Amino acid sequence: MELYGIEKLSLVDYDGKVAATVFTGTCNFKCGFCHNGPLVTSVDKLEITPLEEVFDYLKKRKGIIEGICVTGGEPTLQKDLPEFCESLKKLNLAVKVDTNGTNPDMVKLLANEKLVDYFAMDIKNDKENYAEIIGYKTFDTSKIQRTIDFFLSGGADYEFRTTLIAEYHKKENIVRIGEWIKGANKYFMQKFKATDTCISKDLHGVEENDAKEFLKSVSPFVKKASLRGY
């Protein structure tokens with residue numbers, strides 16, 4: 001398991017918990033709005049964070065750190081993710097994994113073996129417009145569909161979320177996302193803020209008034225819909 005950094009204290013990455021966040025490298029998507037661009041485009045140039053350093057920190061902060069968020073990159077591409085999560089659970093930590101949903105078999109394994117307590121799955125756009133936003137010409141969403149179906153069936157505790165990008169998201173896109181994930185427990189629409197580490201430098205966030213309209217349009221499809229970061 002190769003990690004490329006640890007955020008030692010976060011109050012926002014794992015709702016309701018004082019958490020640490022660790023970052024895995026590589027991703028099978030190339031979303032222009034990704035804040036962790038170097039983990040996607042130049043991971044070979046980054047310094048690996050020793051696992052011993054991560055676990056030493058977590059042991060020293062026992063009783064303070066309640067949970068850990070495993071993000072990336074795309075964590076489910078790491079074959080030894082289950083073993084890593086098992087080690088985290090042995091420290092009595094709640095484990096959250098961020099995923100793009102392209103590895104349903106790994107998600108099911110982590111859930112069924114009770115190695116992960118909570119998943120956050122990105123829904124990049126509606127099915128018809130998925131390819132462009134992730135840097136593909138065409139894209140088969142069937143694996144993403146399998147992951148969505150697993151969560152909707154009650155396979156694990158989860159949230160769906162979409163980072164709102166003005167260049168990609170209009171009301172009609174959000175409605176189609178709502179139809180796609182109909183019945184979901186939680187759906188968050190997140191504010192995009194450009195940073196120096198984003199892959200693309202020419203994308204913009206959706207204005208708050210528009211985001212509020214998006215929220216109204218998607219709310220009938222899910223049990224709970226909220227804006228995050230606005």
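**Helix packing and the pocket**

User: How does α3 pass α4 in this predicted model, in a left-handed or a right-handed crossing?

Analyst: α3 passes α4 in a right-handed crossing. The contact involves L81, P82 and C85 on the α3 side, and M106, L109 and L110 on the α4 side.

User: What makes α3 count as roughly parallel to α4?

Analyst: The angle does. Helix α3 (residues 81-89) and helix α4 (residues 104-112) pack at about 25 degrees. Angles under 35 degrees count as roughly parallel, so α3 is roughly parallel to α4. Their axes lie 10 Å apart.

User: How many residues in the contact of α3 with α4 are nonpolar, polar or charged?

Analyst: Six are nonpolar, with no polar and no charged residues. Leu, Pro, Cys and Met count as nonpolar, and the contact residues are L81, P82 and C85 from α3 with M106, L109 and L110 from α4.

User: Now the largest pocket. How many residues line it, and which lie nearest its centre?

Analyst: The lining has 40 residues, and H35, D98, R161, T163 and Q190 lie nearest the centre. The space in this pocket comes to about 1,000 Å³.

User: Which strand gives the most to the lining?

Analyst: β6, with four residues. The strands that each supply at least two lining residues are β2 (19-24), β3 (67-71), β4 (94-99), β5 (118-122), β6 (158-164) and β7 (187-191).

Conventions
Residues numbered from 1 in each chain as written. Predicted model: local features only at pLDDT ≥ 70, side-chain atom pairs only at ≥ 80, totals over all residues. Heavy atoms only, no water. 1 Å grid on protein atoms, 1.4 Å probe; cavity = no way out; pocket = protein on both sides within 12 Å on 5 of 7 lines; lining within 4 Å. Points joined across faces, edges and corners; volume = space filled by probe spheres on them. Axes fitted to C-alpha atoms, helices over the stretch in contact; angles between N-to-C directions. Parallel < 35°, antiparallel > 145°, perpendicular 65-115°, else oblique. Left-handed = near helix turned anticlockwise from the far one by under 90°. Contact = heavy atoms within 4.5 Å.
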